[in-house]
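I opened the model to look up a few local features and the overall fold. My notes follow in the order in which I checked things.

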Amino acid sequence: MVVHSASERVLAGLDPEQRSAVTAPAGPVCILAGAGTGKTRAVTSRIAHRALSGEISARHVLAVTFTARAAAEMRARLTALGVGGVQARTFHAAALRQVRYFAPRLLAGRAMPELLDSKVRLVTLAAAKAGLRTDRAAARDLAGEIEWAKSSLVEPGEYVVAAAKAMRDTPHEPARVAEVFTAYERIKRSNGVIDFEDMLRAAVWGIEEHRDVAEQVRAQYRHFVVDEYQDVNPLQQRLLEAWLGGRDDLTVVGDASQTIYSFTGATSSYLVDFPRRYRGATVVRLVRDYRSTPQVVGLANAVISQARGAEARLRLELVGQRPPGPEPELRIFTDEPAEANAVAARCRALVDAGTPAKEIAVLFRTNAQSEAYEKALTEAQVPYVVQGAERFFERAEVRQAMIALRAATRSIPGETPLPAAVVEALTAVGWAPGAAPAGGAARERWEALAALVQLAEEYAATPQVLPIGPAASVERPVTLADFNDELARRAAAQHVPTVDGVTLASLHSAKGLEWDAVFLVGLSEGTLPTTYAKTVEQVEEERRLLYVGVTRAREWLWLSYASARSPGGRARRPSRFLPQLDRSGGAERAGAGPAARRPERRRTQIVSCRICGATLLAGPDRKLGRCPTCPSDIDEELHERLREWRQRVAGGQRVPAYVVFTDATLVALAERRPGRAEELIAIAGIGPRKLGLYGEAVLALVAGAAVDDVCSEKTFEISP
């Protein structure tokens with residue numbers, strides 16, 4: 001009776017969908033859990049409920065996830081629910097534990113090979129044997145490609161065909177990568193070491209090829225839970241199937257809309273196909289979002305609603321459960337420095353208003369984008385930390401570049417224009433202008449050095465001013481030495497002790513985290529989606545990246561992009577994934593036919609905030625002429641007279657008040673106080689017709705006239 005009561009207490013406070021997941025019968029269960037819907041609570045409650053009710057023994061449960069942090073959280077929650085003995089581990093930790101345990105039996109007494117922490121050193125040797133000279137970034141890209149192949153169960157001899165089929169953006173010609181792959185495997189064996197993929201394969205081999213090992217493992221683990229199932233790769237899936245041995249007491253939890261690691265070999269196909277793979281499986285959808293406000297949830301739904309492909313079949317429409325909050329802000333800036341400075345200023349304002357800096361995040365597509373925000377936050381005196389990457393000036397390639405730039409002051413003529421001098425100096429560290437190389441690490445390295453070139457171009461546009469007397473000065477062009485001094489100042493300002501501050505992170509490294517306030521920056525075509533996303537599947541993964549970014553925000557969300565990379569630079573378009581941005585000038589109506597959906601061929605007028613200068617996108621903001629968070633300068637007395645005048649006019653014409661002017665239009669009139677017809681018609685929502693009907697009266701009211709003076713019987717005879 002006591003056990004039964006404990007199991008019932010586990011159900012307390014669960015919503016109907018969570019309860020359905022917890023109480024689902026034994027057998028295959030698929031929990032489709034949207035962002036912020038309490039998936040960890042649901043899955044740990046399911047384990048606890050089954051254990052406390054006596055249905056299963058906790059020591060027979062193996063729960064696997066993808067990070068040690070997630071596994072630790074799962075164990076802590078189970079302990080709090082009164083359940084101990086559950087093995088909650090990452091795939092790698094679970095496999096390593098089993099391989100070490102069975103090694104004496106499988107290796108006939110030989111010692112277990114040493115496990116490599118990193119492939120890079122051996123890959124560098126393998127590349128040399130294959131005739132390729134590589135730096136550390138190129139070696140990391142080759143190592144990543146080998147990891148993808150091994151995780152996808154692709155052998156060296158199969159790599160060329162598999163890479164072509166998967167449309168891999170390979171760091172070298174596929175045949176050369178295959179040569180490096182082959183050489184790496186040989187060097188690894190000759191050194192008597194194994195990598196993480198070998199260790200997973202060893203766990204599979206031990207079960208599949210040794211009956212006694214299989215029986216012992218399957219006797220120990222009888223009930224399985226897999227978190228983040230959309231991130232499983234073929235090798236991990238094969239290990240899971242080896243553990244199961246044809247049994248089906250399996251609970252998987254995932255969200256296909258958060259599939260963002262396919263470049264590593266992860267695939268959501270196992271999650272998508274789960275109901276077909278396990279006929280009669282229980283499928284539960286968790287859609288109540290307890291993390292974000294309805295406004296943030298609405299934007300997340302709008303972003304993912306346009307998704308296409310296999311993952312879109314499992315798309316969830318979230319329902320916000322929190323009280324309403326502010327609308328997400330959408331901003332366009334002239335260039336990236338202006339965007340970074342505006343973000344830093346808003347971070348400063350949030351911190352000053354009481355938001356802890358650690359509850360604010362600035363998220364971007366690539367790590368190379370961090371430098372502008374590190375600089376802007378430093379200048380705004382806002383503390384920050386870089387998540388999942390080194391600070392810009394601590395990156396090896398940037399330090400190496402700064403050494404080369406200092407050395408170049410002795411070899412490059414002083415009259416050489418600064419940008420050209422920087423480009424010439426960077427050739428010494430292997431950088432060249434043009435297209436970025438293939439491969440993630442090499443591309444990140446190239447983009448980091450390209451950021452130095454861009455910085456030089458911006459710095460060169462600001463000549464040095466030298467005093468030549470008490471009241472006179474002269475300008476001179478900046479030199480490479482000046483630029484080196486500027487880089488040193490920036491590096492010194494940003495080499496500060498680690499503190500709790502605003503988080504700077506890539507969208508990939510932000511997955512699984514959340515903050516009160518989130519800035520999603522650099523949302524332009526070519527950045528998100530990246531220019532390297534060439535297939536439909538790759539573009540859809542970029543869309544899911546934005547969805548993940550949006551769902552990190554609890555209350556306050558800012559989305560922005562810069563019209564140009566640098567002042568006066570080539571114009572860029574906003575990301576196609578932003579549903580609020582109507583780039584054609586016409587809106588698509590839900591349910592309308594093809595003809596109705598055809599956009600109008602007209603140019604949308606650009607409206608900027610008259611206070612901070614940001615481009616305004618939302619209709620009410622455009623009408624007001626300012627951002628909703630910028631300070632209002634409304635004339636309250638004029639606003640009251642306008643409201644009274646509108647009420648009289650609407651009453652006389654027997655129409656609702658909004659037909660005359662909306663509330664937003666009245667606020668805009670009271671804030672902007674137009675003095676001429678041209679200024680009046682510039683307010684969004686006041687066209688030529690309403691100017692003719694009401695323009696004279698409104699201008700008179702703005703000039704100070706009383707309502708009685710502008711209202712007449714004729715006013716009430718006008719038919720709107």
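I started at His223, which touches Arg50, Ile56, Ser57, His60, Val61, Leu62 and Asp249 when residues up to four places away in sequence are not counted. Contact here means heavy atoms within 4.5 Å. This is a predicted model, in which local features need pLDDT of at least 70 and side-chain atom pairs count only at pLDDT 80 or more, while totals for chains, interfaces and linings use all residues. Residues are numbered from 1 along each chain as its sequence is written, and side-chain values use heavy atoms, with hydrogens and water left out.

His223 is found in strand 6. I took helices (H or I, at least four residues) and strands (E, at least two) as DSSP runs, numbered from the N terminus. His223 is buried, with a relative accessible area of 13%. The classes are buried under 20% relative accessible area, exposed over 50% and partly exposed in between, with a 1.4 Å probe and protein chains only.

Next I looked up the sheet. Strand 2 (residues 61-65) and strand 6 (residues 223-226) run parallel and are joined by four bridges; two strands pair if DSSP finds at least two bridges between them. Val61 stands opposite His223. The open sheet has six strands in the order 3-2-6-7-1-8, with parallel pairing. Strand 3 (87-90) and strand 8 (282-286) are at the edges with a single partner strand each, so one side of each has no neighbour in the sheet. From one strand to the next the twist averages 15°.

I then noted two helices that lie across this region. Helix 12 (residues 234-244) lies across strand 2, strand 6 and strand 7 (250-254), at about 165° to strand 6. Helix 2 (residues 16-23) lies across strand 1 (29-33) and strand 8, at about 150° to strand 8. Axes are lines fitted to C-alpha atoms, for helices over the stretch in contact, and angles run from 0 to 180 degrees between N-to-C directions.

The axes of helix 6 (residues 120-129) and helix 9 (residues 174-191) come within 8 Å and cross at roughly 125°. That makes helix 6 oblique to helix 9; angles under 35 degrees count as roughly parallel, over 145 as roughly antiparallel, 65 to 115 as roughly perpendicular and the rest as oblique. Leu122, Val123, Leu125, Ala126, Ala127 and Lys129 in helix 6 meet Val180, Ala183, Tyr184, Ile187 and Lys188 in helix 9. By class, this contact has nine nonpolar, no polar and two charged residues (Ala, Val, Leu, Ile, Met, Phe, Trp, Tyr, Cys and Pro count as nonpolar, Asp, Glu, Lys and Arg as charged, the others, Gly among them, as polar).

I went on to helix 15 (residues 294-304). Eight of its eleven residues are buried, so helix 15 is largely enclosed by the rest of the structure. Its buried residues pack against strand 9 (288-289), strand 10 (319-320), helix 23 (536-550) and strand 18.

Strand 18 (residues 553-562) also holds Ala562, which is buried with a relative accessible area of 0%. Leaving aside neighbours within four places in sequence, Ala562 is in contact with Phe333, Asp335, Glu336, Glu339 and Arg572.

Last, I took the totals. The protein chain has 32 helices and 20 strands, and buried residues make up 51% of its 720 residues.
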